[in-house]
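Here is a short tour of a protein model, written for someone who is new to reading structures. Keep the sequence and the 3D view open as you go.

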Amino acid sequence: MKSAAIWRRRCLAVIVVLAVLPGIAVAQEYLSPVAVAVSPDQSALYVAAHTGHRILAVDLGNKAVANTFALPGPPTGLCVSADGAALYVTLGTPKGSLLVMNRADGAVQATIPVGHTPIAPVASPDGTCIYVCNRFDNTVAVIDTATKAEVAKIPVLREPFAAAVTPDGKWLCVANHLPAGASDGDYVSAQVSIIDTAARNVAKNVVLPNGSTGLRGLAVSPDGAYAYATHILGRYQLPTTQLERGWMNTNAVSIIDIAKQELVNTVLVDDVDLGGANPWGVVCSADGAYLCLSHAGTHEISVIDRAAMHDKIAKVAAGEQVSEVSRAPEDVPNDLAFLVGMRRRLKLKGKGPRGIAIAGTTVYAAEYFGDSVGVVDVNPEARPGAASIALGPEQELSAVRQGQVFFNDAALCFQHWQSCASCHPDVRADGLNWDLLNDGMGNPKNTKSLFLSHQTPPVMITGVRDKAETAVRSGIRYIQFAVRPEEDAVAIDEFLKTVEAVPSPHLLEGALSEAAKRGEAIFNEIGCASCHPAPLFTDLQPYNVGTGKDRESEVKFDTPTLVEVWRTAPYLHDGRAATVLDMLKSEDSGAQHHPTGLTDEQLADLAEYILSL
Amino acid sequence: MTIALRLKRVFECRPPGMLLTLCVMTCGAVCVPAAGTVAEELPPEFNDIDEIVFAARPFGADFHWYANFGYYACDENLKAYSVGGRLCKLNPRTGDVTVLVDDPEGGVRDPQVHYDGKRILFSYRKGGTDPYHLYEINTDGSGLRQLTDGPYDDIEPAYLPDGGIVFCSSRCKRWVNCWLTHVAIIYRCDGDGKDIRPLSANIEHDNTPWVLPDGRILYMRWEYVDRSQVDYHHLWTMNPDGTGQMVYYGNMHPGTLMIDAKPIPGTNKVISIFSPRHGRRSHAGAVTIVSPEAGPDEQACATQLHEGLEFRDPYPLSEDCILVAHRQFIEVMNGKGETRRIYALPKEFGQKGYQCHEPRPIISRPRERVIPARVDLSKETGCLILSDVTDGRRMDGVKPGEITELLVLETLPMPIHYIGGMSPITRGGSFTLERVVGTVPVEPDGSAYMELPALRSFFFVALDKNRNSVKRMQSFLSVMPGEVTSCVGCHEPRTKTPPNPGRQALQALARPPSAIQKLEGIPEVYDFPRDIQPILDKHCVPCHGEEKRAGGVTLSGGRGPEFTHSYHTLTARGQIADGRNRAVSNLAPRTIGAGASKLMKKIDGSHHDVTLDTHETDMIRYWIEAAGTYPGTYAALGSGMIGHHMNKTGGLQAEQVIVDREWASSKAAAEVITRRCGPCHNEKARLLPRYLSENRGPGKFSRHLVFNLSRPEKSAMLLAPLDSEAGGWGACRKLDENGKWAGPADVFVNTEDADYQAILGMIREGKTHIETLTRFDMEEFRPLPFYVREMKRFGILGERVQAGDVIDAHATDLAYWESLWWKPRS
């Protein structure tokens with residue numbers, strides 16, 4: 001009970017400044033724009049300032065902030081209503097809401113409760129409803145714009161993060177941020193859910209290439225034929241010996257044929273010796289000529305000649321060898337030169353572009369760390385290059401903020417292939433198993449969340465690093481293949497130490513459910529708490545819990561914290577258990593994690609408690 | 001320089017409109033405009049540039065791009081370097097020139113300006129001395145200091161962002177495999193010249209290392225593993241600790257020397273000289289922009305800026321502004337290849353043959369990224385992971401699981417060389433001896449994980465379960481001490497990122513790295529007369545000897561003037577599928593190596609009753625895989641032969657010594673061959689060699705087949721025309737009036753024939769001659785003095801060893817190679 005009490009206090013403390021996207025509390029003076037939307041007449045741009053808790057209206061005539069609408073929480077996304085009159089804004093809190101605001105003056109006309117950490121509001125073309133991704137509920141809410149009430153909740157797979165609807169309104173495509181399921185199999189990937197809006201259910205989950213994770217953006221072509229999802233494509237089944245040629249993470253756009261509900265192909269948005277880390281927002285120009293995406297890690301906009309790309313994809317599908325690598329469709333996701341000649345990389349002024357919008361040939365990008373909006377004309381004839389519209393006064397970066405910048409910035413990395421955030425999105429985990437060299441090779445392990453890592457030494461699954469500070473420096477050296485000043489590592493430490501927990505979606509009003517309370521008793525009674533004692537839910541000790549295989553059968557694994565374990569699936573060192581309940585029920589989990597003598601109901605209660613931490 | 005300062009300079013010191021002042025005489029220098037041009041403002045890229053450093057020196061005499069230091073093989077007093085050098089700096093606006101170093105007897109080359117813009121690193125050969133060494137000098141001309149020393153040449157230095165220096169050096173103790181000069185490969189040292197260590201294991205030249213913005217070193221690697229020696233010198237990259245060696249551009253496209261490459265500021269492109277074919281003197285060629293994004297093999301990504309091939313040493317200030325050396329001038333080239341002359345050497349230097357070289361702006365510049373070291377210098381080995389051996393180009397038809405082992409071969413450095421060809425290492429194939437190191441297993445999923453000795457040049461042959469070669473690598477790789485690196489497969493396109501194999505981990509990673517398993521009973525370095533001939537003697541010579549000659553084929557070990565009959569026969573008749581000296585590589589599966597060799601069919605039990613045991617078969621198999629070489633020592637080069645023997649000094653290209661044509665016996669024999677044989681052997685297909693040294697006629701009548709210097713009476717030149725009653729073959733036929741063959745010619749009725757005796761006399765003298773010279777396969781082998789000189793210089797042979805001593809050359813070579821191995825540091 002004590003732990004739950006502590007937990008509730010923590011939640012209360014956090015909830016005010018909760019930075020919903022990554023569950024990160026940062027100083028409020030930063031605006032941290034995450035999403036942008038252009039007014040139908042293209043005269044104004046609306047910017048969701050995440051940690052700034054406001055919407056900024058930018059006059060696109062004089063390219064200056066014209067208006068500021070304060071919000072009661074952190075906005076995660078926004079869209080303009082079909083008639084242009086209203087702004088729909090998601091407030092990303094555990095008790096999330098959708099705000100309906102008057103576009104002219106920002107007056108809040110309605111606050112509609114939705115799920116945990118809503119994001120990516122999408123207006124149906126006919127204006128009758130708004131779709132909202134409830135990120136940590138793994139659902140999509142359907143809001144009736146007339147009644148301003150939720151009319152449906154559609155389960156999707158895992159952390160729906162971005163969505164787009166076809167112009168005819170029939171299909172809503174939703175990007176599931178992370179792979180769902182165990183990670184020790186031969187194929188692990190996140191998926192795109194295609195929702196039949198009339199039936200209000202998922203018609204198809206489209207599986208992306210093996211290693212796809214970190215989906216951040218989704219766009220639908222103006223003709224409604226294709227959906228484009230931006231994501232990371234991890235080469236996780238190979239040892240992390242190097243970065244050259246995309247040996248660890250590559251960065252990709254997956255193209256989905258909406259009518260056929262199948263993956264057309266996946267193209268890489270890196271170059272052979274220059275990564276394009278962490279693709280995020282994606283849009284199509286209204287005429288369909290360009291597909292544009294932001295690279296949050298490399299501070300760029302990629303502009304793809306859409307017709308040329310589709311033509312090349314069609315040719316390879318028809319059996320033509322279209323490049324040295326791409327002889328067959330399955331080669332395309334491994335072809336670092338596929339887009340050569342049909343993609344331009346435009347450098348932005350500000351750092352950390354996330355959501356983007358396009359008006360004509362001008363792309364606007366929410367520059368998260370620049371507190372600015374990047375503006376760049378994607379017309380190949382355009383001069384000069386990108387500009388930035390400042391959204392507020394320029395500020396010194398605190399050490400914590402600087403650390404967050406570094407954590408997300410692939411410019412730290414050799415050839416810009418990845419940032420810390422590539423494997424640790426929002427400081428947590430990408431759902432993949434990686435074969436790091438620090439504990440030998442051939443023994444891949446599930447990525448750990450870095451949340452509480454500084455508070456729970458040693459770190460890494462084998463505890464091979466004595467503390468998180470060491471791991472941060474090792475990560476810079478052995479994963480990013482970079483030499484950085486000590487102060488950069490210190491800043492990353494400072495940032496990581498400030499990361500706050502996101503309350504579990506399993507809590508009811510911030511408190512344990514009845515089932516979880518029963519589970520808590522079992523947790524203490526059967527000895528889980530001896531290794532996983534509150535408040536950190538780890539005793540910081542290594543044990544052989546019988547899960548190591550072959551060469552690792554005698555290896556001790558560091559006891560991980562269980563705080564936030566609800567969002568770090570899959571479980572055990574190699575991600576063999578898709579859910580906590582799977583883990584508890586499977587003999588393959590080792591004696592300590594497979595309690596015997598409990599009924600199914602008791603196991604479910606225990607799981608519910610663990611997932612509430 | 002801060003932005004503010006830069007602006008100040010631009011607006012205060014260099015007001016727009018200030019014109020280039022021409023024709024200012026300083027220090028004897030003349031700054032001239034290009035003919036017909038008017039004074040023009042320098043491009044804005046020059047706004048920050050007050051001075052340009054450059055070297056002035058004559059071209060050397062040698063036409064090879066690399067042969068510009070050290071001495072020639074047959075005469076250490078014949079130098080490859082040119083004499084006379086100056087290090088100068090030019091004010092591009094006034095034309096003023098300041099001479100920083102002036103050494104009329106020395107040599108100056110390869111200046112590079114430090115990141116701080118305050119000092120210049122360059123390579124300097126002091127007048128009266130031989131080796132080039134690295135020096136630094138302050139840009140004001142003060143503080144000249146020597147960084148490296150010793151008896152070897154250090155050239156082409158570049159500052160590293162980690163404070164070190166990368167450069168090329170002949171400390172590697174090896175010679176060009178197809179020329180008569182030293183090799184320099186990449187080394188690094190600390191900023192003060194200390195702690196020198198190799199980053200490359202190339203057996204041929206590396207040149208012009210330069211750091212890319214991402215921290216890698218871009219350089220030219222020349223290599224020819226079982227392929228043309230004059231076609232593969234392309235752009236490669238390595239990390240500043242030597243790890244991660246990887247092709248950057250061009251390796252699949254033979255026929256261009258790509259050199260002097262440097263990144264173009266603000267782009268991901270590089271500028272390079274593309275010097276056609278095997279390159280031109282002093283790297284002259286076409287200024288070419290290379291864009292890497294479509295990968296190393298996309299020719300469309302190289303844009304030559306201009307016509308003509310006389311430009312050198314481009315230094316890009318931008319894509320549209322490139323400093324370049326052009327004969328006796330320094331010029332500025334724009335993106336269209338149009339040039340403007342900004343400096344001409346004074347006449348008196350022009351008359352001495354001086355040229356402008358390596359113009360580089362004296363400005364501060366940002367350090368490139370530092371890549372953390374991945375080496376552990378205390379280790380002897382590095383590890384290589386191969387994810388799927390079947391993943392690659394031209395792996396047509398190779399099925400998963402088909403490859404079960406990799407044969408590891410090593411291409412071996414050469415301690416001396418005398419000619420442009422490969423003889424007698426092979427007959428038209430490899431220039432290089434190849435060591436059979438052993439094998440490593442390939443798992444059913446195509447993966448391999450192996451531990452390789454560091455800093456040696458390895459290459460692989462993929463073997464199937466019958467140990468037949470499926471695919472051969474015709475390049476080399478090396479790992480650095482402690483390096484752990486991965487590759488995808490065999491020859492996969494370099495724009496391919498590794499695919500996830502579809503299982504959690506590669507099967508090869510389930511256990512520790514495989515040490516290379518030596519092949520039991522197989523020599524590491526083959527010697528054909530020693531290792532292969534006994535097998536031929538046992539199984540082949542009974543039918544294919546000098547007497548029986550079944551099918552007209554001789555596989556006896558009789559010594560020809562250079563090769564044995566057997567070696568000549570096997571190679572000339574295409575019995576071994578080795579990599580010829582051709583500009584083709586990445587050959588299709590099972591088209592090269594033992595598996596593709598006709599000889600293996602002859603010994604597989606299907607050829608009459610020939611049956612070899614497993615060991616004998618393997619001996620033949622791995623000899624073919626190791627390039628089917630003839631001698632087992634480099635001491636054989638130029639030695640113990642008639643036609644390719646070197647025994648005198650002098651001449652830029654050491655001449656092959658052709659002493660035999662001066663012998664009275666040779667003159668007599670040649671007269672006989674001309675008179676008696678010439679009337680019928682009068683067409684190209686039937687020409688006969690008239691001398692032991694004469695390369696004339698097709699394979700069947702090769703001098704290596706018709707002259708037997710082991711048993712002169714068994715020479716085909718004698719037996720073929722000799723009547724069979726007299727013990728000959730009676731093989732010669734008459735030609736009738738219609739040009740048809742008709743009846744025996746009965747050239748020599750018996751051995752008493754004076755003409756027979758004349759030919760025999762020449763062959764006997766040849767026998768005596770090579771027994772005096774001694775050949776590598778003779779017990780009393782005495783290597784050439786040049787070999788002995790270099791082996792003493794390399795510390796392999798003791799000071800007391802003299803030229804003309806009997807030396808175990810095989811053991812000496814082994815000791816030489818071993819001396820080059822990486823020695824772990826504590």
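## Helices and a one-turn pair

Let's start with a term: helices (H or I, at least four residues) and strands (E, at least two) are DSSP runs, numbered from the N terminus. Now look at helix α8 of chain B, residues 664–677, where Arg675(B) and Glu671(B) sit four residues apart, about one turn of the helix. An α-helix has 3.6 residues a turn, so residues three or four places apart point the same way.

The side chains of Arg675(B) and Glu671(B) meet in a salt bridge, with N and O 2.7 Å apart. That term means a side-chain nitrogen of Lys or Arg within 4 Å of a carboxyl oxygen of Asp or Glu. Arg675(B) has a relative accessible area of 40% and Glu671(B) has 39%. Both values count as partly exposed, the class between buried (under 20% relative accessible area) and exposed (over 50%), using a 1.4 Å probe and protein chains only.

Residues are numbered from 1 along each chain as its sequence is written, chains are lettered from A and ligands numbered from 1 in the order written, and side-chain values use heavy atoms, leaving out hydrogens and water.

The model scores ipTM 0.92 and pTM 0.93. pLDDT is the predictor's confidence in each residue, from 0 to 100. Chain B has a mean pLDDT of 91, with 94% of its residues at 70 or more. Where pLDDT is low, the predicted coordinates should not be read in detail.

## Bridges across the sequence

Over all chains, a search of the whole structure turns up 85 salt bridges. One of them joins Glu358(B) and Arg57(B), at 2.9 Å from N to O. Glu358(B) is in strand β26 (residues 354–361) and Arg57(B) in strand β1 (residues 52–58), so this pair ties together parts 301 residues apart in sequence. Are these two residues buried or exposed? Both Glu358(B) and Arg57(B) are buried.

Another bridge links Glu76(B) and Arg789(B), at 3.2 Å from N to O. Here strand β3 (residues 75–79) holds Glu76(B) and helix α12 (residues 785–793) holds Arg789(B), so the parts being tied are 713 residues apart in sequence. Glu76(B) is partly exposed at 34%, whereas Arg789(B) counts as buried at 16%.

## A covered helix

Helix α5 of chain B (residues 565–572) is mostly covered, with seven of its eight residues buried. Among them are His565(B), Tyr567(B) and Leu570(B). The buried residues of α5(B) pack against α3, α6, α7 and α9 of chain B. Just after α5(B) comes Gly574(B), with a positive phi of about 65 degrees.

## Where the chains meet

How many residues does each chain bring to the contact? Chain A gives 48 and chain B gives 43, where contact means heavy atoms within 4.5 Å. The area buried between them is about 3800 Å², and carbon and sulfur atoms give 53% of that. Buried area is the accessible area (1.4 Å probe) that two parts lose on being put together, summed over both.

The interface of chain A and chain B also has four salt bridges. In Glu244(A) and Arg374(B), which form a salt bridge, the closest N and O atoms are 3.1 Å apart.

Technical notes. This is a predicted model: local features need pLDDT of at least 70, side-chain atom pairs count only at pLDDT 80 or more; totals for chains, interfaces and linings use all residues.
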